[in-house]
Protein chains: 2
Amino acid sequence: MSEELVLHEDPRSGNCYKIRLTAALLGQPLRRVGYDILRGETRTSEFLARVNGNGRIPVLQIGARFLPESNAACWYLADGSPLIPADRFDRADMLRWMFFEQYNHEPNIATLRFWLLYLGESNLTANQREQIAMKRAAGEEALRVMDEHLVGREWFAGHAVSLADIILFAYTHLAEAGGFRLGDYGQVCRWLRRMAALPRFEAMDEA
Amino acid sequence: MSEELVLHEDPRSGNCYKIRLTAALLGQPLRRVGYDILRGETRTSEFLARVNGNGRIPVLQIGARFLPESNAACWYLADGSPLIPADRFDRADMLRWMFFEQYNHEPNIATLRFWLLYLGESNLTANQREQIAMKRAAGEEALRVMDEHLVGREWFAGHAVSLADIILFAYTHLAEAGGFRLGDYGQVCRWLRRMAALPRFEAMDEA
């Protein structure tokens, strides 16, 4: 890969951490450019025009091209590596867990962490406060589905660590900051320890 | 492909239609098994044990194996075909739009259609009713991002139709049932017509 890779990120975001962890496990250097989403630094007209018209991070910059969406950026980095299974069913099954993460896991588990840890419960709108119980239940359901899937398995898809594990690891290992009790999910806890024991594993540098 | 492919679906679901449309464009036969989600037919103990512990459809059955998540099922069908770009950046960029669809588009545009067309506004909970304005604004923002991206482009990723187009087509072409005005998005309207003109295109059989 000859083009420089630049990660536009907020270091506190689990979605950004996914990309750093993928790069770390691959031994791929990344230059990091930080933004503070709480100060609106990804909503400036320059950011919207140059980096992402959607106003979101992370964005992976590949030379002069920009790739938003954390899970797509992880795929770009891992394309052609053992982090994407070679078997056709396993590859689709890995993507299944990556879409599950964006639809069933992140909007509940990551959002509650963001609301409770960064915004603070007293600063939430009435409508957000009313959604807490629903997001709590949906997040617990996502953890339950993961826990059941891991019975008799070491990794989410195929027979080795893949992007599915990296992507689910990001916000699962931070779930207690959103008020979830990880101790209730024994298979998930054992899998989190397997992840942290991987060669070249890098912890998130800010919680 | 020697194993029989079975689609477990509700024909009214745009997520199920994505898979049928992918199969149609590929000329791939699918056997269809229908469920009525409004009657809870995907929450029975048999469905949960055999088809999907997550209680959701669509699920693509490949021989004796089950693959949930509509976008992952489309990937399985299209793997190795021209519906997935051969170029590394374009392939990741296609996935970018597939994740965008699940995170920014479907929860707003598809959910409003489901609430207004199938549940009926008068049957919504107070919390759901309060979320309508937020989902309306987020859905309009998703359509705006799509419309801007299509300026000077025929397709979402790379230089030909790909899974990104199929997946975004499903709920975009149904958006008016959720109260969105597609006429406000001229590029999107032209792209919808390009999609419907594709060889082997199949319309959704129930709206």
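This report walks through a predicted model, from the overall build of chain A down to single residues.

## Chain A as a whole

Chain A holds 7 helices and 4 strands. Read from the N terminus, its elements follow the order β-α-β-α-β-β-α-α-α-α-α. The radius of gyration of chain A is 17 Å, close to the 17 Å that the globule rule gives for 207 residues, so chain A is as compact as a globular protein of that length. Along the principal axes, its C-alpha atoms fill a box of roughly 50 × 45 × 25 Å.

How much of chain A counts as buried? The share is 58% of its 207 residues. The accessible surface of the chain is about 8,500 Å². Carbon and sulfur atoms make up 50% of that surface. Now take the contacts in chain A with a separation of 6 or more. Of these, 70% link residues 24 or more positions apart.

## The sheet in chain A

The 4 strands of chain A form an open sheet. Their order across the sheet is E2-E1-E3-E4, and the pairing is mixed. Which strands sit at the edges? They are strand E2 (31-34) and strand E4 (65-68), and each pairs on one side only. On average, neighbouring strands of this sheet are turned by 25 degrees against each other, direction ignored.

Look next at strands E1 and E3 of chain A. Strand E1 covers residues 5-9, and strand E3 covers residues 59-62. The two run antiparallel and are joined by 4 bridges. Within this pair, Leu7(A) of chain A stands opposite Leu60(A) in E3(A).

## Helices across the sheet

Helix H1 of chain A spans residues 14-26. It lies across E1 and E2 of chain A. Its direction is at about 160 degrees to E1(A).

A helix from the other chain also lies across strands of chain A. Which strands does helix H4 of chain B lie across? They are E3 and E4 of chain A. This helix takes in residues 88-119 of chain B and runs at about 35 degrees to E4(A).

## Leu5 of chain A

Leu5(A) is found in strand E1 of chain A. Is Leu5(A) buried or exposed? Its relative accessible area is 3%; the cut-off for buried is under 20%, so Leu5(A) is buried.

Ile62(A) is 57 residues from Leu5(A) in sequence. In space, the two are 5.0 Å apart, C-alpha to C-alpha.

## A hairpin in chain B

In chain B, strand E3 (residues 59-62) and strand E4 (residues 65-68) run antiparallel. They are joined by 4 bridges. Gln61(B) stands opposite Phe66(B) in E4(B).

E3(B) and E4(B) form a hairpin, with 2 residues between them. Gly63(B) lies in the turn and has a positive phi of about 60 degrees.

## Asp36 of chain B

Where does Asp36(B) lie? It is in the loop between strand E2 (31-34) and helix H2 (45-50) of chain B. Leaving aside neighbours within four places in sequence, Asp36(B) is in contact with Asp10(B), Arg12(B) and Glu41(B). With Arg12(B), there is a polar contact from side chain to side chain, at 2.8 Å.

Definitions and conventions
Residues numbered from 1 in each chain as written. Chains lettered and ligands numbered in written order. Predicted model: local features only at pLDDT ≥ 70, side-chain atom pairs only at ≥ 80, totals over all residues. Heavy atoms only, no water. Pairing = 2+ DSSP bridges. Axes fitted to C-alpha atoms, helices over the stretch in contact; angles between N-to-C directions. Contact = heavy atoms within 4.5 Å. Polar contact = N/O pair within 3.5 Å; in protein donor to acceptor, adjacent residues only side chain to side chain. Rg over C-alpha atoms; globule rule 2.2 N^0.38 Å. Buried < 20%, exposed > 50% of the residue type's maximum accessible area, 1.4 Å probe, protein only. Areas by Shrake-Rupley, 256 points an atom, 1.4 Å probe, with all protein chains shown as cover.
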